[in-house]
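Please keep the sequence and the structure in view while reading.

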Amino acid sequence: MTDAEALRLAAWQDTRALAEVAATLRDEGFRNVVTYSRKVFIPLTHLCRDVCHYCTFAQVPRRVKAPYMTIDEVLDTARHGAAMGCTEALFTLGEKPELRYKAAREGLAALGFDSTLDYLRHAAEAVHRETGLLPHLNPGNMTPDELAHLRPVSPSMGIMLESAADRLSEKGMPHYGSPDKVPAVRLQTLEDAGRAKVPFTTGILIGIGETRLERIESLLAIRAVQERHGHIQEIIVQNFRAKPETKMAQAPEPDLNELLWTIAMARLIFGPAMSIQAPPNLSPGVLPQIVDAGINDWGGVSPVTPDFVNPEAPWPHLDELARETAAAGKQLHERLTIYPAYAQDVGTWVAPEVRQAVLDLVDADGFPRTDGWSPGEQQDPPEAVLAAIVEAPGAKSAVQVSSELAAILDKAAFAQGLEETEIVRLFQARGDDFAAVVEAADRLRAEVSGDTVSFVVNRNINYTNICYFKCQFCAFSKGKLSENLRGRPYDLSHEEIQRRTEEAWSRGGTEVCMQGGIHPEYTGETYIGILQAVKAAVPDMHIHAFSPLEVWQGAATLNLDLPTYLQRLKAAGLGTLPGTAAEILDDEVRAVICPDKINTGQWLEVMEAAHGVGFRTTATIMYGHVEGPQHWARHLIRVRDLQARTGGFTEFVPLPFVHMEAPMYLKGRARKGPTFREAVLMHAVARLALHPHITNIQASWVKMGHKGLIACLNAGCNDLGGTLMNESISRAAGTTHGQETSPQEMVAMIEAAGRWPRQRTTLYGEVNEERIEAGRRAGELAKIINTPARKYERKRKSPLLRPGLIESVEMP
């Protein structure tokens, strides 16, 4: 609404009507989630140069044990918080007490600092270094230089405007004698924080003598700053509580109607995207009503320390807060001190010194990772997610599935083609919504594929790890300018490729899957030679080989169009193509993670050409690094649309990013792969979004682990891929789930999930009994021989082909 429209509402008395509109707006932006931050309160100093008439936090020197907490005291408090699962260290302190009190100046000197803000920086840095907690700083007004000084140690800061009414600073009013509470001064700090790109919290304090009109004017003043800079991440609506031993001890407190009216007005003024917060400890017993007025956040809640600003109001227990939130039809979810929208864009909003710390803590939506699971690591999936998968919403009491999500699920079930925003909404599902998405995907899987789960006995052969491309996620490839990664460069001889093929056949294999780096000396003839070598060794072996990148590069080196080169590959024995090199089919992401690789259009062009000459292929997605749900949605839509035209994809294979040795993670520029919830959702949403065009959804045991696979089987999957025998690419990135899952282990996993195992061919055909029996009798693999790469001088004088070269952008 406009300023004038907002000001006219100062006389509006129907709080319920305002709240209904506010709640609708809130649901548009935040759906069924209400957040909180798990924090530990660190009151660095109770000294303050201001004398606000309602405050018991600020004390005079004679009433404090010491002017400042010592570093040992700070760290003891922070460590206790970290042990209790906190992620935020909230530093609260009085404003620049050294400007008023000699005791403060002497206390700082004894600690070795010239100012409170210098000591604050030191303490915040120590807390983050020693405990991993993210500091949030509330030191009051700051100059641009002071903001710049503190930004490297804190991903967010804050200052309460409280009120933009100058009248409250007059004699007899609550801010009289408090120079830091002059509205223009505080608004200037908000302005300077915006210019410094600091995610900032602010808000108003109601019931201290202001009028409703002045509250609206205060909110509009904040909105004007936000419109210029976009850095204000939350608006706090805090109700005054009278405290003994203050000048306002007998002042009346605002009633519930005033609080609800103001919350609703804040939502109407700031719209659906702004986080509106009300502290839960200041309004016990009425929390569902507060939710209904339009909030989406409870602020920081501490399991360790009291609210030092409102010590008379204890924090609610988190279980109680979850129950009260659920009573309002919402799911309680943790957040970090930096809000999700800002955590998703750390390149803009977070200083380099704390950027990786934020990335390590968040998922693709910017919410905190609440468990230690990452793809490829030997850690069991989180029990809470497993429980949500097993216990479908239909079996639960008090189910609270969002109505708009239920409508999307119905649309998917009837194969009506989900749009980007609808797919994004599915990826954002949490709580009962998450369980509903999983159940819908599993129900659709049962309708389309029944209870049979398939797998193929195959062998991976990665023929070289030398590559001249610069993919930032790849820990496998080696080149003259390679990262400091695992293993020596190799380039397999045809003899070694044939030996591995023959061994795979003897162990029951029906497929060899062959991919590798793009060696500078490879041409299209190289790939044809590899095919001929395999067929010479085992004529009946199916060859599943060469991603669209190899195909594009091979065709270009021979100056052939794609269909002609693909026909040559087919004539040499190629059976099907893997749909790797897709990564994320969105050039916004590819410009960051693989700028010189084939772009989105080129990947799709190769696949359409392959389907056009009769090849079947797979399709993949590699997710959980720098991208977001909107990119996942675009990827699925592009795959779906191509499949609708060609029908050439046999299956869709989600490949979660394995972060441990990936260059972009080691450089502090990527997340730690998807969370387990996101990994399960990727499989479930793929089932729903690709229906009815792609009927097989595969899970990767190398990335997900065996327990993760079983979870995916209950979330829309019907295929477990290959036994592999050798796996190099994911292991180079750091996965520890091994190199082979035997047919017997595949069968055991499938049966443990209550499904029927079926060994298949690459094209989902039947496997004869002789092959199955050979797999049962398979012995140990012989030690592989990675033929050392020879030193070479480039023989081809033409420039290296970088088909998808697009302008790269700086990673966050």
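The points below treat the chain as a whole and then one of its helices.

The model is predicted: local features need pLDDT of at least 70, side-chain atom pairs count only at pLDDT 80 or more, and totals for chains, interfaces and linings use all residues. Residues are numbered from 1 along each chain as its sequence is written, and side-chain values use heavy atoms, with hydrogens and water left out.

**Overall form**
- The chain contains 31 helices and 18 strands (DSSP runs, H or I of at least four residues and E of at least two, numbered from the N terminus).
- The radius of gyration, taken over C-alpha atoms, is 30 Å, close to the 28 Å given for 812 residues by the globule rule, so the chain is as compact as a globular protein of that length. That rule is 2.2 Å times the number of residues to the power 0.38.
- The C-alpha trace spans about 95 × 55 × 45 Å along its principal axes.

**Burial and contacts**
- Of the 812 residues, 61% count as buried (under 20% relative accessible area, with a 1.4 Å probe and protein chains only).
- Among contacts (heavy atoms within 4.5 Å) between residues at least 6 apart in sequence, 78% join residues at least 24 apart.

**Helix H31**
- In H31 (residues 769–776), Arg 771, Ile 772, Ala 774 and Gly 775 are buried.
- Seen down the helix axis, the buried residues of H31 fall within an arc of 160 degrees (from the directions of the C-beta atoms), so they line one face.
- Their cover includes helix H19 (494–506), helix H30 (743–752) and strand E18 (756–759).

Methods: Buried means under 20% relative accessible area, exposed over 50%, partly exposed in between (1.4 Å probe, protein chains only).
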